[in-house]
Amino acid sequence: MKFSEQWLREWVNPEIDTQALVDQITMAGLEVDEFESVAGEFTGIIVGEVLSVEPHPDADKLRVCQVAGGAETVQVVCGAPNVRPGMKVPFAEVGAVLQGNFKIKKAKLRGQPSNGMLCSESELGLSDNHDGLMELPASAPAGENIRDYLGLDDATIDVDLTPNRSDCLSIRGLAREVGVLNRLLVEGPDINPVEPVHSDVVDIRIDAPEGCPRYLGRIIRNVDLSAETPLWMRERLRRSGIRSIDAAVDVTNYVMLELGQPMHAFDRSEIDGGIIVRWARSGEKLVLLDGQEVELVEGTLVIADHEKPIAIAGVMGGEHSGVAEKTRDLVLEAAFFDPISIAGKARHFGLHTDASHRFERGVDPELTRDAMERATALLLEIVGGEAGEIVEVHSEQHLPKSPVIELRQQRVTDVLGLEIDRTEIEEILTRLGLHVDKLTREGWKVHVPSYRPDITIEEDLIEEVGRIYGYNNLPVTEPVGSLGLREEQEAVRPISHVRSLLVDRGYQEAVTYSFVDSKVQALIDGDHTGIELANPISSDMSVMRTSLWPGLLKTVAYNQNRQQSRIRLFETGLRFVREGEGIEQVPMLAGVVTGAQNPESWVNGRRSVDFFDVKGDLEALFELLGITVEFSAGEHGALHPGQTAQLHKNGEFVGWLGALHPQVQKKLDLDGTIYVFELFLNSILSGYVPNFKEFSKFPEVRRDLAIIIGNEVTYAEVQRVAREKAGEFLTGARVFDVFEGDAIGEGRKSLALSLFWQHPERTLNDDEILTWFGAAIDALKAELGATLRS
């Protein structure tokens, strides 16, 4: 927020210079970005009065002027298009020095003497406007130093406030802070009720009390909006970064800067019936004051009359109902809007206004009446008119309640690291406007005023005490603590191991948005409905992802469109699934593979990656993690029906592996066969605890067999049966050949495998091996319908 130092010092004036004031504000937690003089460096400029204007005899664009203001009337040659007799302007006399050490001397312009210069705003360093002379009010006293008349010995201070300090988005709030820091009283303008002189009132109805718990309106009749805003007000607005528009708008902006309450003025003749505060209806449109037409969405709080919306509440008014020079009757409004109801609405429509900036952060709910009275008094003073009664509608149950917080003296000492006198703590709290309602044995019960919505817990109060006491006054202490070893679960592998292995196998880690296109997500994961965002960044990022595949596949498309055909990506992140009234956030590991098996090289073939390449990557990962995962045929709506595997660990479903379904791939405009996998990260990271086992010193025994089984029988089933029946000293079962053909028979396959036995303490004999080998063969025949291949 920008503000004028002079304006602040009218409220509270500590005996410190600008630099000290800036440092003080910054150390209080209100960081000052910059400060600068409101005008350039110049001397010798006074208020001048143009007495007459004549054409230059030898130049069409120049005028010969007679100017009074100094010791005598002098002739000045001027080229400004707006110069005219009777106007008051800044006049640089001979001997004056302008910015850049430019000295004004007597001169001749096309043969005509010129003794001085009439100045524009840019020549005074007030703005970049150099289109014409700066026109001063007719009441400006000729001959007075322009610095004194405009109060240019002033600085504009720009404070970068954190979102929680909305109470300082006004001169009143900043003055409170400076007053507390310097132990000074704050004296603002007197705000007295304006007596109504007519009985006209505006009909107000609140249909959305949860969004607008309080709304005030007042009719001011017979105003003259052709009246010019006083120079002092225009200057204060300019120094606060706000452009002067007309008297009605300027007054509402001025009150917003002074007190912190955004306001708005409507043209009464453009309001049909009364005012209704309600939620927007789908499809309603509104042309805003900046000329932009927006389509309102449900959930947007609007100010409407009985026929149509006339403003987006807390953001911007509508063009149709805005005031203009022809306006004769005003409807002045002041309201308290719930910050949550206003948050994000301005950004949704591509706007950011001073009003939305304040309402989003929180405005004092008790400020509306004071602001209404102050604005009314200023308007009557500037544009005249007749004020009516203030109509107030409010919902007490929806207005925020000021908390009462218990503050413990010992807790203050523990947090700040020093003991502050009890009386000083009470004084700091009182100077801040906090009311110490009740003293307790341990401390105080503190009532928080309505203008400090940021104070809600004990630590907030301690922060206020430390801030006002002075951060520089707190002792420098080094933290002391005993750092014990953190307990690690050996069975749980760190995720860094997963990342390292996949990178070693040629994958690259991707990080994609948690927001995805709802259409793509429905295509990929039709079993879950995505959680819609209230204010999505764009239409293709409108829901929270229920799978990591949409983001990875979008990345594949991005790379393929840039002639990258070999792609191996993985990502770890959360998926978001609605569970009842809550949202379950599940850590996932997902990957996508397409293109050649190996990078192009003269030593590598050009074979494309297949299902078993990706399966091998996952098996290597599971071996690293120390877990056993079974692959079985499955069905998934986004995967190819013949190349889809479900993954189970100890009977628990842990993920999917498969080729993307051709129809899905076509809709996503992807090239080549795309293989994807997705696993529940927490399920696969838990493995076994490593333990030592001595290697056997005795020989290993191997027996081979070939069996014929049905194609529907998986090797995992064969291995399971063999391990169960081949004895406790079986150390391995390995397949070394698979054959299918006419000699085997349709629908059947030959599987050749080796079984290995080894005893840890002795040599196994042939009888034992034959017994276990025979038991395994018998079990394979009985359970899987296998026959020995001769």
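Are Phe 729 and Trp 772 buried or exposed? Both Phe 729 and Trp 772 are buried, meaning under 20% relative accessible area, where exposed is over 50% and partly exposed in between (1.4 Å probe, protein chains only).

A word on the source. This is a predicted model, where local features need pLDDT of at least 70 and side-chain atom pairs count only at pLDDT 80 or more, while totals for chains, interfaces and linings use all residues. Residues are numbered from 1 along each chain as its sequence is written, and side-chain values use heavy atoms, with hydrogens and water left out.

Now the rings. Rings of Phe, Tyr and Trp (its six-membered ring) pair if their centres lie within 6.5 Å; planes under 30 degrees apart are stacked, over 60 edge-to-face, the rest tilted. That rule gives ten aromatic pairs. Take Trp 7 and Tyr 254. Their ring centres are 4.8 Å apart and their planes meet at 15°, so this pair is stacked. Trp 7 is in helix 1 (residues 5–11) and Tyr 254 in helix 6 (residues 247–259), so the pair ties together parts 247 residues apart in sequence. Helices (H or I, at least four residues) and strands (E, at least two) are DSSP runs, numbered from the N terminus. Trp 7 and Tyr 254 are both buried. Ring pairs also join Trp 7, Trp 232 and Tyr 254 into a cluster.

Back to Phe 729 and Trp 772. Here the centres are 6.0 Å apart and the planes at 55°, so the pair is tilted.

Next, charges over rings. The rule: NZ of Lys or CZ of Arg within 6 Å of the ring centre and within 35 degrees of the ring normal. Arg 147 puts its charged end over the ring of Phe 42, 4.3 Å from the centre. Lys 615 sits over the face of Phe 631, at 4.7 Å from the ring centre.

On to helix 5 (residues 231–239). Seven of its nine residues are buried, among them Arg 234, Glu 235 and Arg 236. Just after helix 5, Gly 241 has a positive phi of about 80°.

Last, a helix pair. How do helix 2 (residues 18–27) and helix 4 (residues 171–182) pack? The angle is about 95°, with the axes 11 Å apart. Axes are lines fitted to C-alpha atoms, for helices over the stretch in contact, and angles run from 0 to 180 degrees between N-to-C directions. Helix 2 and helix 4 are therefore roughly perpendicular, the class for 65 to 115 degrees; under 35 is roughly parallel, over 145 roughly antiparallel, the rest oblique.
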